[in-house]
2 protein chains.
Amino acid sequence: MAAIMENSLPTEGQGAKIILGEPVQKGYFYGYEGIVLHEEGGEQAILVLENPFWGRVLFINGTAQFTSRDEFIYHEALIHIPIQAFPEGRVKRVLICGGGDFGAAREALKYPEVEEVLIADIDPRVPEVVKRFFPELLPSNLEDPRLKLLTVDAFKLVRELVDQGQKFDLVVIDSTDPDISTSDFTLELSHSLFSEEFHRLLKALAPQGAIVQQAATPFTMKNILEGSFKIFRKVYPAEEVFCYRASIPSFGGDNAYLLRFPGDPTCPQKSQVPETKYYTHAVHRASFALPKFWLTEVLKGEG
Amino acid sequence: MAAIMENSLPTEGQGAKIILGEPVQKGYFYGYEGIVLHEEGGEQAILVLENPFWGRVLFINGTAQFTSRDEFIYHEALIHIPIQAFPEGRVKRVLICGGGDFGAAREALKYPEVEEVLIADIDPRVPEVVKRFFPELLPSNLEDPRLKLLTVDAFKLVRELVDQGQKFDLVVIDSTDPDISTSDFTLELSHSLFSEEFHRLLKALAPQGAIVQQAATPFTMKNILEGSFKIFRKVYPAEEVFCYRASIPSFGGDNAYLLRFPGDPTCPQKSQVPETKYYTHAVHRASFALPKFWLTEVLKGEG
C-alpha cells in the first residue's frame with residue numbers, strides 16, 4: 001500500500017500534473033494521470049486528483065477510496081440492499097462507522113422512514129475535503145436535521161452507545177480496507193472496525209438490526225473477506241450471515257459486502273425504490289449469487 | 001489502444017523485464033510489471049508477459065486479451081449460460097468465431113451432448129502461442145475428434161456454411177474488441193464480426209440456435225455494447241435479444257454479453273453443471289440482472 005510508484009513523477013503540491021500508480025497487487029497497478037487538486041499529510045495522507053476519465057478521485061494513503069464516476073455503485077449497494085430487505089417503516093436509526101464522505105448517508109437519507117443518520121468518522125478532514133471537491137456525494141440537504149456527523153473513533157462511540165442502552169436498526173461499516181500485509185489486520189486506522197470485539201458490541205447495539213460491512217475485493221484481497229467472514233460467523237448465528245457483491249470498476253471488479261440480517265435479505269421487501277443509478281430490485285436479488293470460487297476458496301462453502 | 005505507454009521501459013525481446021501500461025481510458029491505464037516470454041509483430045502484434053499476480057497475460061496490439069488467473073470467468077460466462085439455457089441434448093453443433101485461444105472450446109467440450117466444436121480464427125499464431133504458454137486454456141483432450149480448428153476469416157466461413165445450408169445450435173463470437181475510436185467499428189480485425197451483415201448470416205446459420213457475442217466492458221467502452229445492441233435489435237426479434245454480464249477483474253469490472261436466444265434463457269434448463277470455477281445455476285440467473293445505468297444509458301431501457 002505504498003503511496004506513489006517509483007516510476008511516477010513526484011507530486012509538487014496543488015496544480016501539479018502527476019502520474020500516480022496505485023499498487024493493486026504484486027506487479028500490478030492502476031495508473032492515473034491527472035492534476036493534484038488538494039494534498040495533505042498526517043496519519044491518513046489525503047490526495048484529491050482530477051482525472052479525465054474518473055473525474056475526481058480521493059486517495060487515502062495512496063489507495064483510491066472512491067471516484068466521482070463510480071462511487072454510486074459502491075454506496076447504493078452498501079445502503080439500499082440492507083434497507084430494502086426490511087419491510088416498510090422498519091429502519092429508523094442508522095449508524096455509519098467511517099463514511100465521513102457522506103455517500104452512505106446520502107443514500108440512507110433518501111428514505112423518509114429513516115429518522116436519524118449518525119456518521120462516526122475519526123478523521124475530520126474527509127468531510128471537509130468532500131464538501132469542497134465532491135459535492136455529488138453530499139445529501140441533497142446537508143442541513144437535514146436527521147443527519148449528525150461526529151468526529152470520533154467509531155469503536156469508542158459504539159461502546160458508549162451500548163453502555164447507554166441505545167439501539168439501532170442498521171449499522172454500516174464503511175471504512176478503509178484493513179492492511180492485508182499482516183495477518184492480524186493491525187496497521188490501518190480502520191482495523192478495529194473489523195474486529196470480533198467490535199462485532200460483539202454491534203450485536204448488542206442492533207439486536208434486531210442489520211449490520212453491513214464492506215469487505216473489499218476478494219479477487220485481489222481475499223484475506224479481508226475471509227477474515228471478516230470468520231468473525232461474522234463467530235459472532236452471529238450462521239443463518240443470519242450473508243454475503244453479497246457489486247461490481248465496481250475503480251476497485252477492479254466485484255466488491256464484497258458482509259451482512260448480518262435477522263431474516264432473509266435476498267428479496268427486497270419494499271415496493272418503492274428511491275432514485276438510484278445502479279440499484280434495482282432485480283439487482284438486489286442478483287447480488288447474493290456469488291461466483292463459485294468465492295464459495296469454495298474464500299467463504300469455504302458457507303456463503 | 002496504443003501498445004506501450006510512454007513511461008514504460010522499452011521491450012527488448014524475450015526475457016526482458018518490462019513495465020507495460022495498457023491504456024483503458026483517457027488518463028487511466030493498467031500497469032503490469034513482468035517478464036516478456038514471447039513477442040511477435042504483424043497485423044496483430046502478440047506479446048506474452050509473465051506477471052507475479054496474473055500469471056501469464058496475452059496482449060494483442062497492446063490490449064490484454066486474457067490472463068491465466070481470471071480467463072475462466074470470461075469463458076465460463078460465455079459458454080455455460082447459452083448451453084445451460086437449452087434443455088438436455090439440444091446443443092449438438094457449436095461454431096466459435098475467433099476463440100483461437102481454445103478457452104471457449106474447452107468449456108463447450110465439457111458437454112457430452114456437443115458433437116462438434118468448430119473454431120474459426122483468422123490468426124494461426126494465437127493457437128500456437130496458447131499451446132506453448134497457456135496450457136490451462138486447452139481442452140482436456142486436444143485430440144478430441146469433436147474439435148476442429150480452421151485458420152480462416154470467420155465472416156467468410158459463415159457465408160460458405162450458409163451457402164451450404166448448414167445449421168448450428170450455438171454460435172459464439174469470441175473476438176477482440178472493435179476499435180472504439182471510430183464510430184463505425186472499422187479498424188480492427190474483428191470488426192466484421194460485429195456487423196449487421198454478419199448477424200444476418202448467423203440468423204440463417206442458426207435459425208433455432210443461440211448466438212452469443214462478447215460485447216466488452218460498457219463502463220469504459222460503452223459504445224461497443226450500445227452499437228452491438230442496436231444491431232441485435234435490428235436483426236433479431238426483440239423478444240429474442242438478451243444481455244447478461246460477468247465481472248472480470250482484468251477487464252476492470254462487468255463485461256457484457258449479448259445473446260440471441262429462442263425462448264427464455266434466464267433460467268438454466270439442465271440439471272447438471274460440468275466442473276466450473278465461476279458458473280453456478282444461481283450465478284446464471286443473476287447474470288441477467290443489469291445495473292440500472294446500463295438500461296438507461298446504454299441499452300436505452302430495452303434490456
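Which residue takes a positive phi just after H4(B), and what is its value? Please then describe the helix and its surroundings.

A: The residue is Gly165(B), which has a positive phi of about 75° and comes just after H4(B). Keep in mind that this is a predicted model.

Helix H4 of chain B covers residues 154–163. Three of its residues, Ala154(B), Val158(B) and Leu161(B), are buried. Viewed down the axis of H4(B), the buried residues fall within an arc of 60°, so they line one face of the helix. The face turned away from that buried side carries Lys156(B), Glu160(B) and Asp163(B), which are exposed. A residue counts as buried here when 20 or more other C-beta atoms lie within 10 Å of its own, and as exposed when there are 12 or fewer.

The next step is to see what lies over the buried side. The cover of the buried residues of H4(B) includes strand E6 (93–98), strand E7 (116–121) and helix H5 (196–205), each of chain B.

E6 and E7 lead on to the sheet of chain B. In that chain, seven strands make an open sheet with mixed pairing, in the order E8-E7-E6-E9-E10-E12-E11. Strand E8 (147–151) and E11 of chain B are at the edges with a single partner strand each, so each has one side left without a neighbour in the sheet. From one strand to the next, the twist averages 20°. Within this sheet, E6(B) and strand E9 (residues 170–174) of chain B run parallel and are joined by five bridges. One pair of partners is Leu95(B) and Val171(B), the latter in E9(B).

Strand E6 (residues 93–98) and strand E7 (residues 116–121) of chain A pair in the parallel sense over five bridges. There, Leu95(A) is opposite Leu118(A) in E7(A).

Last comes the contact between the chains. Chain B gives 37 residues to this contact, and chain A gives 37 residues. On the side of chain B that touches chain A, at least two residues come from each of strand E1 (17–25), strand E2 (28–40), strand E11 (241–248), strand E12 (253–260), helix H7 (281–286) and helix H8 (292–298). E2(B) gives the most to this side, with seven residues. By class, the residues of this side of chain B are 19 nonpolar, 12 polar and six charged. Gly31(A), for instance, has Phe29(B) of E2(B) as its bridge partner.

Methods: Residues numbered from 1 in each chain as written. Chains lettered and ligands numbered in written order. Predicted model: local features only at pLDDT ≥ 70, side-chain atom pairs only at ≥ 80, totals over all residues. Contact = placed C-beta atoms within 7 Å. Helix = DSSP H or I, 4+ residues; strand = E, 2+ residues; numbered from the N terminus. Nonpolar A, V, L, I, M, F, W, Y, C, P; charged D, E, K, R; others polar. Pairing = 2+ DSSP bridges. Arc of directions from axis to C-beta. Axes fitted to C-alpha atoms, helices over the stretch in contact; angles between N-to-C directions.
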